[in-house]
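Subject: Structure for you to look through

Dear colleague,

I am passing on a structure to you, and below it I have written out what was found. Please keep it open beside this message while you read.

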Amino acid sequence: MSRYIARRVVASLAIIYIVISLSFFIVRLMPGNAVSALESQLSVQGMTTQQIDAQVNAIYAVTPKAPLWRQYFTYIGHVLEGKLGRSIINQSETVLHIIANALPWTIFIVGTSLIISFVIGIAIGSALAALQHTRAAKAVSFVVSVLSSIPNYLVAIVLLYLLADIHPIFPTGAAYSVNVTVGFNIAFIGSVIVHGVLPIAAYVITSFGVWALGMKGSAVSVLGSEYVRAAESRGLSRRRLTQTYVGRNSMLPQVTTLALSVGFMFGGSIFIETYFSYPGIGYQLDQAINSRDYSVMMGCFILITVAVVVSNFLVDLLYPLVDPRIASPGGARSVADRRAEGTKAMPVGGSTA
Amino acid sequence: MLGGGLLTSPAEAAPVSAFNAAPYLNMGECCGWGSTWSYNPFSSAWPGQLNDLVYLPLAVQVPPSMTGFVPQLASSWQAQGNNLVVHLRSGLKWQDGSAFTSKDVLDTALLQGTEGNFNWSDFTNVTAPTPDEVVFTARPGVPMATLEQGVLIHRIFPASVYGSFVTPNLDQEEVAYYNEAAKNQSAASNSAAGKALSAVFSKLSEYSPKKLVGNGPFQLVNMTTGEIKLTKWDGFFDASKVQQPGIIFRNGSSNNLIYPWLIGNTTDFSNAYLPPTIISSLKNKSNWHVAIANSFEFNLLFNNKRYPFNLTKVRQAIAYVFPRATMVTATYGTVGPGAAVEPHPDGLSPWMEGSYLTPAEIKQLNPYNLDPAKATALLKSAGFHLSGSNWIMPNGKPFTLSIYIQSSATDVVQSMEVAVNALDSFGIQTTLLAIPGSEIVPDLETGTADMSWVTTVNLDPLLEFADVLGREGPNGGYNFPVLGTYAGDKGLGFGPVANVPGLGKVNVPNTIDTQAATVAPGKRMDQLVWDWARLVNQQVPYIQWENKLHQYAFSTTRYTDWPPLGKNGQATALWNDLSYNGNPGLLLMMEHGYIRPRA
C-alpha cells in the first residue's frame, strides 16, 4: 500500500510540474498582449488617445521584458517558494490574494450547485430506474435529457432576462450589493444569498440531468445483475434490496464522479460567473485570458491543476479501501483464484448478507 | 482591490449610509470594468468611471477648440516668457479634510512622470513657488498652447496619500531622464535616472490604498463587480450646482447586457452603442431619448509594405469600392443627414476639415464616392485582370484581402460586414476577422493583416495624423516603431520616406511626430494640415471611413432637465463635451446644474 501511495504522490507531482510548465509557455504563445488588450478596451470606451496612453503606460512599465526562458526559471523558482507574483493588469494585487478572494465565491456557488444538482439528480435518476417502464419516467427522462444538453450560459441569459431585467426580482450581477457593508451581518449574508440564486439556478438546471441520467443508467445496470436477482429470489425486502443492493452499488460510480467534480469545481464556471459578473475563479480566469494577464492566468491554472490532481489522488487513495485489488494486482489475482476455487467473492460495495 | 472578495475586511469596505430617498442616477456603463481594480490612480486597473467625478483635473478642455478650457482645480493660468504659471483655486479641501495645495500638483507631476505621463516631453521643469502656484517651464520648441493642453487636463492626486513615494532626488532625476529622452529614448531608459524612475513607479504601482481621498463632486461608497456607488460630496467647490444625490454605475461588460436595462427601464442613462433595432424600440417609448454626438474616427490601416497594398492605385481602388454611406446606415440607421459619413478620406474628421481647411481646399479633395468603374480602371492600369468574377493580380495569384477588427466593437463589426460584401461583389475575395482586442495592435504592427482597424481621437489635427503616420509620437502612432514591444516592425509601413505635398521628400514618421509636438494652432498648423490631408487623400495609406457616433440614451422617468438636444437629436455643446472627453463632459453637465431628479 505504501508503495502504491508513493507512486501516486510522485505521479501527481510530476503532473503538476508538467502542466505548470506547459501552461507557462502556452499562455505566452497566445497571440496578443496585455498592453494591446487594455489599449483596445479603452479605445472602445471612447477615451481620448492621451487618456488611453496614461493607463497603457502604467501597464507597459510593469510588463515583463526578460527572455522567455529566464521568465520561466524565475517563475518556477517563485512557485516553489509559494509566490505566484503580481497581476500584470493590477499590480497592487498579488495573484495569491486575487485567488484567495475569488475562491470562496466559486466554492459557494459551484459547491452549492454541485450538491443541489447531485442530490436532485440522484433522486430523480433512482426514481427513473425504479419506474423505468412507465410513461411518466419516459417523459421525465426526455425533459432531463433536454435540460442537460442546453448550455448553461443560455439558461443564464434567459434567467437574467426574465428574472433580473424584465421582472427585476433578482440582481443582474455581482456577489453582493453595493448597499451593504461587507462583514458578518444579516444584510450582507442576505445580499450574498439573493445574488447567488440565479447563478446557482443556472448551474443546477443544466447539470442535475447529467447526474440523473448517470444514476439511472447505473441503477438499471445494477438492477439487471445476477446478485440482485439472487437477492430478490431469496425474498429480501424491497427496501433492503433498493437501499443495500441497488442503491449503494449504483451510487459508487456517481460518488467517484462527484469526487472528481469537486476537483474541477475549483476552476469555477467561466460562463456562468462571467454572465453574472460573479467574482469567482471562472470570472477571474476569463478576464485574465481576455486581458492577457499571464500571472493571474497561471495562478488559476495552477489552482485548477492542483485541485484536480489532489482530488484524483484522494480518489486513488479511497479506491483501494473499497476494492483492494486496485492497490495490489497480485491480490486481485488471488481473489480471482479463490473465486475459481469456489470461494465466495463479494460484489464491490455490496453485501452477502 | 478585488472583485469583492469574502476576505475583504469590513474596514476595507466603506460604510454605506441608508438608502437615499432621492434616486441615485443609474448609469448603464458600456464596456464596464474588470474583475479586479485598484483605488490607486497610478495603476492600469484604476476604474476609469471614477475619473473627474472623484479626482478633479486642473481644467476641462472643451472641443472643438484646442485652446478652450473650463477651470477646475486651477482658477487661471498664463504664459510668462517660457513659463506656464498655473494659479490654483484657493480654499479647496480634499475629502479627508486636508488642504489642496501646489504640492499636490507637484507630486502628481513627478509621480506621473515615472510612468511616462503628465506630458513631461513638453516641459523641462516644474516648481511650486507658493502653495497656490505651480510653474511649468516649456521645453525649447514646444508652443505654450501645446504645454497648456498637456498639463491642464491632468487630474491631481493627494500628496497626503502619494507624496511618500516621491524620493528626495526625483525632481532632478525626472529632468535628467526627460532631457535625455528628448535626444535618445533608449539611452534615457538605461540611464541611472531612468532606472530610478522605474524603481519609484514599481513601488507606486504596487500600492493599494484602502479608500479614495478625492476632491470632486462625489465620494466613493462601495464597488463590486456589478456596480460602483458614489455619493455626493458637499465639500466640492461647485456642490450647490450638483443635483444628483449620488451615482450608481452598472457594469455593462457587454452591450447585450445593457439593452434589457434600457427596455426594462432599470437604468437612467447609457453610453452603449445602440443598433437601429434598439433605437427603434426606444423611439416607441416616450420616456427615452437619444443624444447623438460625433466622436472618434474609425480607420482601416493598409499594410503598406505588403504587395499589392504597396501600390497606390490598389489602395485608391479599394477606397472607391468602400460603400461608406451604406456602412454608416447599417451601423446607425438613418440618424440624420449622413452625420457619421466621412466626406473625404483625408485623415481628418468632418469638423476638423471645416476648422482647418478652406472651402477651396476641401473642394480639391477626392471624396472617393462609390465608383466600381473607377476602381476597375485603377486595378487594370496596375496590371490586374478579371477572371470570371474575381480579380487576379499581375503575378497570377487571386487578389485577396484580410481585414482585422476588434470583436467587441459591435458597431464596427456591423459596418464592416457591409464592406466585405461590397468588396466580394467587386471581385476581391475578402476575409473579415473579428479578433480580441489583445491581438489587434500586435497583428497590425507585425503585419499579419492586410488591413487593421484603429481609432483616433484628438482635438489637434496634427496629432490626428501622428496617431497613425507617426512612430510612437506624443500619442503613439503605428508607422515604423523604434521603441517598445514592436521596435523594428513596420506597422503601417508607409514610407518611411515619401513625397508629401507641400513638404517634398521627408521621413514621414519623424516629420509628423516632430510637427505634432512643436506646432501650435495658427497659420503654420493650417498649412501643414492641408499638406498631410492631401497626402492621405492622394496616397491612401489608410482609409478613415466613419466618424463614430456616440449615442447617449437617457430616460426622463426618474431624472429630468437633461442638457438640450438639437434637431434630430443632434448633440449640443455639452453632449459634444461628453462625447469627446467622457467623464469631464459629465462633470461640466453637472456644474451647469443639469440632470435633476424628478420631484
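Does Cys31(B) count as buried or exposed, and what is its relative accessibility? Please bear in mind that this is a predicted model. Cys31(B) has a relative accessibility of 17%, and because buried means under 20%, it counts as buried. Cys30(B), at 8% relative accessibility, counts as buried too. These two cysteines, Cys30(B) and Cys31(B), form a disulfide in which the sulfur atoms lie 2.2 Å apart. In general, a disulfide is a covalent bond between the sulfur atoms of two cysteines. Over all chains, the structure holds one disulfide. In chain A, Cys300(A) is buried as well, with a relative accessible area of 0%.

The next topic is how chain B is organised. Chain B is divided into domain 1 (20-54 + 216-287 + 556-599), domain 2 (56-168) and domain 3 (295-548). Taken over C-alpha atoms, the centres of domain 1 of chain B and domain 3 of chain B are separated by 33 Å, and the contact takes nine residues from domain 1 of chain B and 17 residues from domain 3 of chain B. Between them, domain 1 of chain B and domain 3 of chain B bury about 830 Å², of which 54% is on carbon and sulfur atoms. On the side of domain 1 of chain B, Tyr273(B), Pro276(B) and Tyr580(B) supply 62% of the area buried against domain 3 of chain B, which is more than any other three residues supply. A count between domain 1 of chain B and domain 3 of chain B gives zero salt bridges, while three residue pairs there are in polar contact.

As for Leu469(B), if its neighbours within four places in sequence are left aside, the residues in contact with it include Leu492(B), Phe494(B), Val508(B), Ile512(B), Trp532(B) and Tyr542(B).

Finally, there are the charged pairs. How many salt bridges does a search of the whole structure find over all chains? The search finds 11 salt bridges. One is the pair Lys83(A) and Glu81(A), whose side chains meet at 3.1 Å, N to O. Lys83(A), at 45% relative accessibility, counts as partly exposed, whereas Glu81(A), at 53%, counts as exposed. Another salt bridge is formed by Arg86(A) with Glu206(B), where the closest N and O atoms are 3.5 Å apart.

Key:
Residues numbered from 1 in each chain as written. Chains lettered and ligands numbered in written order. Predicted model: local features only at pLDDT ≥ 70, side-chain atom pairs only at ≥ 80, totals over all residues. Heavy atoms only, no water. Contact = heavy atoms within 4.5 Å. Disulfide = S-S within 2.5 Å. Buried < 20%, exposed > 50% of the residue type's maximum accessible area, 1.4 Å probe, protein only. Domains from an automatic or database assignment. Buried area = accessible area lost by both parts, 1.4 Å probe. Salt bridge = Lys/Arg side-chain N within 4 Å of Asp/Glu carboxyl O. Polar contact = N/O pair within 3.5 Å; in protein donor to acceptor, adjacent residues only side chain to side chain.
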